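Here is my notebook from an afternoon with one structure. I wrote down each thing I looked up, in the order I looked.

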Amino acid sequence: MFLSPEYRGRISDSLCNAKARHFRKAERFNRSLLIAATLAAAIVLQVFPAALAQAEERPNIVVVLADDLGYGDIGCYGNQAVKTPNLDRFARSGVRLTNCYSASANCSPSRAGLMTGRTPVRVGIHNWIPMFSPMHVRRQEVTIATLLRNAGYATCQVGKWHLNGMFNDAAQPQPSDHGFDHWFSTQNNALPNHVNPDNFVRNGKAVGLLHGYSAGIVADEAIRWLRGGRKMGRPFFLFVCFHEPHEPIATAPQFSELYDYPEQPSRAAHHGNISQMDDAFGRLLQTLDDMHLSENTFVAFTSDNGPAITGRHPHGSAGPLRDKKGSMYEGGIRVPGMVRWPGKTKAGVVSDVPVSGVDFLPTLCKLAGAAKPTDRKLDGANFLPALHGQPILRKTPLYWQFNRAHGKPKVAMRKGDWKILATLDAPPLKPSGGITEEDRHVLKTAELTGFELYRLATDIAEAEDMTRAEPERLKQMSAELVALYHDVRQESPLWPVWEWPRYETSRIIWGP
Ligand SMILES: [Ca+2]
């Protein structure tokens, strides 16, 4: 495995060196290709100077998404144990958001919110999407990738997709139908785990068994696309969706060995799994530098939900936040969020302005000069002001709904420093990937009850419920939350009843 500079010298692995030699050979070849491509581009641009002007004006865009990476899981967010030198350096070079949220507390809904700028229940993504499920982001939804592709961007998605159940099947839209020129993706997790996965599909063709670890495989594909796979002479949008550190994890020894926990192999595997992703992220950034692309590239890094903290690897951290993945409390939805846009963002800025996954679509449209859809409700807003510490003008408050959230609250809304949560006046749904008649009924009929109110600015841990102390605020915010909930409930499509066959469960191989 070729390593980012931060990890070189820490690892003495002859296999590593052999692979590095192989990579350097490939690198020389790629450089020749790059020179040829640059010459070709120069000829094209002499003929079409307008194309150059347009390509220079608009930034390239790279969005990197981790899977189940919690608010407290990396060095620059206060973790003292997990080694993330590339992410930490990235944070120092740009803006670190301390109030960055995912669009949901769970994988598929969160990704649907990010891709469409709409709160996931509006889009009909009510749960994580198992293989073969009828649930999917429908064709009539408009994604960031479609908008950017239509605006002249070259587009690529690598890694976890998780926006349909019938993956690589014409029955449902695939990444290409949602705007990606090039895709190299898995339906959900890398299977049987992160090492030697066999479930990647490239542009509709199953790739078969791959050797290596998922983060490295995903980064390699992104790098190949950057170097020669994309349509040159256009700005690009690259969406990198790492599988790490979502279960089932597998960690290369060079990363688990960074941790001295001889009695706790699962802790070394978990922390090393995050370093494995950090290394892949570092190689991606290094490629942008090597290709002299960093100056005109907007790079954002975030996570799709809070830490999973599973029985096998209970080592994820939400830092000071309450609860974890799957919860409407902050631990489920507040995540790392960092942005670097040289010349536009200052290095080392920390912004506490709240930003959410649903804000990506309006923000990227702004960057690309693309018009936002006007025929549907968008929940997100352009987050560029937050990068300068300025407030975001929102038509719709930050809103989350996850009917299968663990714990009591299923719905939440944040306005300024205040967050209100509510539960549903319906029996809790049994944990399942399936779709039941009860699900369908609850989604269209349940009302909100059991409100909780927290002042996040002074109570980040959501420890003190202020409903009694703030009756006027509770009245005003609960009315607004109910209205928004009804609006989303009315729009949300339902799916047919479907029994989860647990196919993916049978494919998993568990490691340490
Ligand atoms: Ca996730």
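**Entry 1**

I began with helix H7 (residues 214–229) and helix H9 (residues 265–290), which pack at an angle of about 10 degrees with their axes 9 Å apart.

Which residues meet here? From H7 come Ala215, Gly216, Val218, Ala219, Ala222, Ile223 and Leu226, and from H9 come Gln276, Met277, Ala280, Arg283, Leu284 and Thr287. By class, this contact has nine nonpolar, three polar and one charged residue. Contact is when two residues have C-beta atoms, placed from the backbone, within 7 Å.

**Entry 2: ground rules**

I reminded myself that this is a predicted model, where local features need pLDDT of at least 70, side-chain atom pairs count only at pLDDT 80 or more, and totals for chains, interfaces and linings use all residues. Residues are numbered from 1 along each chain as its sequence is written. Helices (H or I, at least four residues) and strands (E, at least two) are DSSP runs numbered from the N terminus.

**Entry 3: the sheet**

In what order do the strands lie? I found ten strands in an open sheet, E7-E6-E5-E4-E8-E1-E9-E10-E2-E11, with mixed pairing. E7 (205–206) and E11 (349–351) stand at the edges with a single partner strand each, so one side of each has no neighbour in the sheet. H7 packs on this sheet too, touching E4 (154–160), E5 (182–186) and E8, and its direction makes about 165 degrees with that of E4.

Two strands pair if DSSP finds at least two bridges between them. E2 (residues 95–97) and E10 (residues 337–340) run antiparallel, joined by three bridges, and arginine 96 stands opposite methionine 338 in E10.

**Entry 4: strand E1**

I checked E1 (residues 60–66) next: seven of its seven residues are buried, so the strand is largely enclosed by the rest of the structure. Buried is when 20 or more other C-beta atoms lie within 10 Å of a residue's own (exposed is 12 or fewer, partly exposed in between; C-beta atoms are placed from the backbone). Asn60, Val62, Val64 and Ala66 point one way, while Ile61, Val63 and Leu65 point the other.

Seven bridges join E1 to E9 (residues 297–303) in parallel, with valine 64 opposite phenylalanine 301. E1 also pairs with E8 (residues 236–241), parallel over five bridges, and valine 62 has leucine 238 as its bridge partner there.

**Entry 5: strand E4**

E4 is mostly covered, with seven of its seven residues buried. Parallel pairing joins E4 to E8 over six bridges, where threonine 155 faces phenylalanine 237. E4 also pairs with E5 in the parallel sense over five bridges, and valine 158 has phenylalanine 184 as its bridge partner.

**Entry 6: two domains**

Where does the chain divide? Domain 1 is 59–394 and domain 2 is 398–491, with bounds from an automatic or database domain assignment. Their C-alpha centres lie 26 Å apart, and 25 residues of domain 1 are in contact with 23 residues of domain 2.

Technical notes:
Axes are lines fitted to C-alpha atoms, for helices over the stretch in contact, and angles run from 0 to 180 degrees between N-to-C directions. Ala, Val, Leu, Ile, Met, Phe, Trp, Tyr, Cys and Pro count as nonpolar, Asp, Glu, Lys and Arg as charged, and the others, Gly among them, as polar.
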